[in-house]
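Subject: Handover of a structure and notes on its contents

Dear colleague,

Please find the structure below, together with its sequence.

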Amino acid sequence: MNRLTLLLALLVGIVIGVSSTWWLIGRGHRDMPAASPAPTEKKILYWYDPMVPAQHFDQPGKSPFMDMELVPKYASDGPADADTVRIEPRLVQNLGVRTALATRGTQVASVRATGTVTFDERGVVVVQARVAGIVEHLAVRTPLTTVTAGQPLLTLIAPEWTAAQAEYLSLRTARSEGLDAVRAAARQRLLLLGMSEGQIRAVERLGRAEDRFTIVAPRAGVVSELLVRDGASVTAGSQLLRINDLDTVWVNVAIPEAQTGRVAPGNAVTLELPAFPGESLAGTVDTLLPELDVTTRTQSARIVVPNPTRRLVPGMFARVAVTGRAADAELVQIPTEAVIATGARRVVIVDAGDGRFRAQEVRVGHESDGRTAVLDGVAEGDRIVLSGQFLIDSEASLAGTLARLDASDTSPAPSTPSRYSADGTVKRIDGSTWSIATDAIPALEMGEMTMTFVRPETVPVDGLRVGQRVRFTFVRNADDAFEIATIAALPAGATP
């Protein structure tokens with residue numbers, strides 16, 4: 001009896017234990033949270049060779065163009081904005097991309113140019129012979145001699161002067177009545193022949209005719225031309241010397257054709273000359289000469305500069321800043337170096353933040369003091385890229401961004417190969433064939449690998465040798481080979 005009871009109790013315990021276990025398992029399943037769905041894999045659109053991105057492949061494998069694996073192109077690789085490219089922040093920092101904010105302000109229509117000091121032609125005096133004669137002696141014997149007013153220039157033997165003096169002296173000593181008018185006419189004739197009032201009084205005082213006469217400088221200046229020598233015969237009206245004044249000088253400045261509208265007579269001018277470092281001189285625009293140089297596309301502006309100390313001499317070089325009037329309205333302005341000229345259009349690269357950059361077409365106005373007014377396309381506060389545009393341009397060209405900007409341009413334009421930038425180590429140089437072990441090239445989604453390049457003779461190498469670390473740019477040329485565009489050694493100690 002006891003054994004039967006024990007057996008029944010054991011069976012009941014087993015049944016209770018199994019039931020409890022199944023009940024707990026069912027409750028646990030009801031209380032457990034739902035499992036998270038497996039992450040969705042990115043969709044692959046196609047495979048491609050980064051060096052030939054236009055060629056697409058349906059399956060992975062080796063590239064038929066280079067000894068490398070094809071790279072997958074995912075549906076999520078492109079940026080949300082079709083006109084935006086994304087560049088790794090590390091690359092942006094390594095390449096020293098500089099940016100600046102677009103600001104709003106009033107632009108002063110100033111012009112910077114270069115010019116040359118010349119004589120002020122309004123202060124020229126020509127010394128002539130009023131009568132025929134012979135130069136007996138030159139007191140000033142070389143051009144560019146500085147003279148003062150009244151300084152003797154030369155001695156002239158003039159028979160006509162001698163005869164006119166003798167006639168005047170004879171009439172002066174005659175006692176006949178009615179000769180006053182004749183004497184006055186004879187004296188006036190001496191003045192018309194070129195004798196000065198002082199010379200005539202000297203003849204009257206001495207009572208005899210002089211056969212030699214000294215011609216003096218009528219004003220102070222520089223003898224710019226000396227046209228006679230000792231013993232030369234001269235005729236009436238012959239030029240003997242040319243004297244230029246130095247109290248004021250002209251500075252002839254070449255103004256670019258696009259900026260001539262900002263220059264007008266009366267504009268104030270600031271000049272700096274290498275001969276006087278640290279000094280600034282003031283001048284005024286006298287006139288804008290009515291002639292355009294068809295070779296340089298510049299128009300000359302004549303600037304008048306006072307020269308009381310006579311330090312400025314013809315031939316000196318001058319840097320000129322012409323200050324015009326300020327613009328009537330405030331405009332958005334950006335540094336001029338940020339503007340990229342693409343032919344019919346002007347483009348800037350806008351930093352959209354988070355490694356994103358956008359190529360933006362702009363309509364520009366005047367440029368002044370290194371800043372360009374933007375009439376349309378950029379707003380105040382936009383951050384504009386100033387340097388490193390070649391990297392962004394290559395990325396944008398790969399994505400077709402800049403090509404879309406010119407899509408509406410109906411004029412045909414030759415295609416320009418994309419340029420890529422890379423660092424690497426020179427492994428072999430065989431004439432124009434260079435083998436370089438390149439670092440990863442994110443712009444082409446390429447890892448480290450050794451590539452062969454062609455170096456044209458026109459690309460300088462500056463003594464580069466095998467084993468050196470270099471930074472270079474390259475393109476695919478018309479022969480479908482990789483051609484080095486620029487190359488230079490990296491500083492010692494530079495790391496990949």
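**Basis and confidence**

This is a predicted model, in which local features need a pLDDT of at least 70 and side-chain atom pairs count only at pLDDT 80 or more, while totals for chains, interfaces and linings use all residues. Residues are numbered from 1 along each chain as its sequence is written, and side-chain values use heavy atoms, with hydrogens and water left out.

The pLDDT (the predictor's confidence in each residue, from 0 to 100) averages 79 over the protein chain, and 78% of the residues score at least 70. Over residues 28–39 the pLDDT is below 50, and this stretch has zero contacts in the model beyond near neighbours in sequence; a contact means heavy atoms within 4.5 Å. Residues 405–414 also have a pLDDT under 50, and the model gives them nine contacts beyond four places in sequence. Where pLDDT is low, the predicted coordinates should not be read in detail.

**The nonpolar cores**

Two terms are needed here. Buried means under 20% relative accessible area, exposed means over 50%, and partly exposed lies in between (1.4 Å probe, protein chains only). A nonpolar core is a set of buried Ala, Val, Leu, Ile, Met, Phe, Trp, Tyr and Cys residues joined through side-chain atoms within 4.5 Å.

The largest nonpolar core has 32 residues, and those with the most contacts inside it are L153, L154, W161, L240 and L241. Elements that each supply at least two residues of this core include β11 (152–157), β15 (239–244), α3, α4 and α5. Helices (H or I, at least four residues) and strands (E, at least two) are DSSP runs, numbered from the N terminus. Helix α3 gives the most to this core, with five residues. A second, separate core of 24 residues includes V117, V222, L271 and I303.

**Helix α5**

Which residues of α5 (residues 197–206) are buried? They are I200, V203 and E204. These residues lie on the same side of α5, because they cover an arc of only 100° around the axis; the arc is that of the directions from the helix axis to the C-beta atoms. Among the elements that cover them are α3 (159–173) and α4 (180–192). Just after α5, G207 takes a positive phi of about 75°.

**Strands and sheets**

Two strands pair if DSSP finds at least two bridges between them. An open sheet of four strands runs in the order β8-β15-β13-β10, with antiparallel pairing. Its edge strands are β8 (124–128) and β10, each of which pairs on one side only. β8 and β15 are antiparallel and joined by five bridges, and V126 has R242 in β15 as its bridge partner.

Elsewhere, β17 (residues 268–272) is joined to β18 (residues 281–293) by four bridges in the antiparallel sense, with A268 opposite T284. β18 also pairs with β19 (residues 298–306), antiparallel and over six bridges; here L292 has Q299 as its partner. The hairpin of β18 and β19 has four residues between the strands, and R297 in this hairpin takes a positive phi near 55°.

**Individual residues**

Most residues other than glycine have a negative phi, and most peptide bonds are trans. L144, in the loop between β9 and β10, has a positive phi near 65° and counts as exposed because its relative accessibility is 60%. R310, in the loop between β19 and β20 (317–323), has a positive phi near 60° and is partly exposed at 29%.

Is Q468 buried or exposed? Its relative accessibility is 18%, so Q468 counts as buried. Q468 lies in the loop between β29 (449–454) and β30 (469–476), and its side chain reaches the backbone nitrogen of R465 at 2.9 Å.

R469, in strand β30, is buried with a relative accessibility of 18%. The side chain of R469 makes polar contacts with the side chains of D439 (2.8 Å) and T425 (3.4 Å). A polar contact is a pair of N or O atoms within 3.5 Å; within protein, one must be able to donate a hydrogen and the other to accept it, and residues adjacent in sequence count only if both atoms are side-chain atoms.

Yours sincerely
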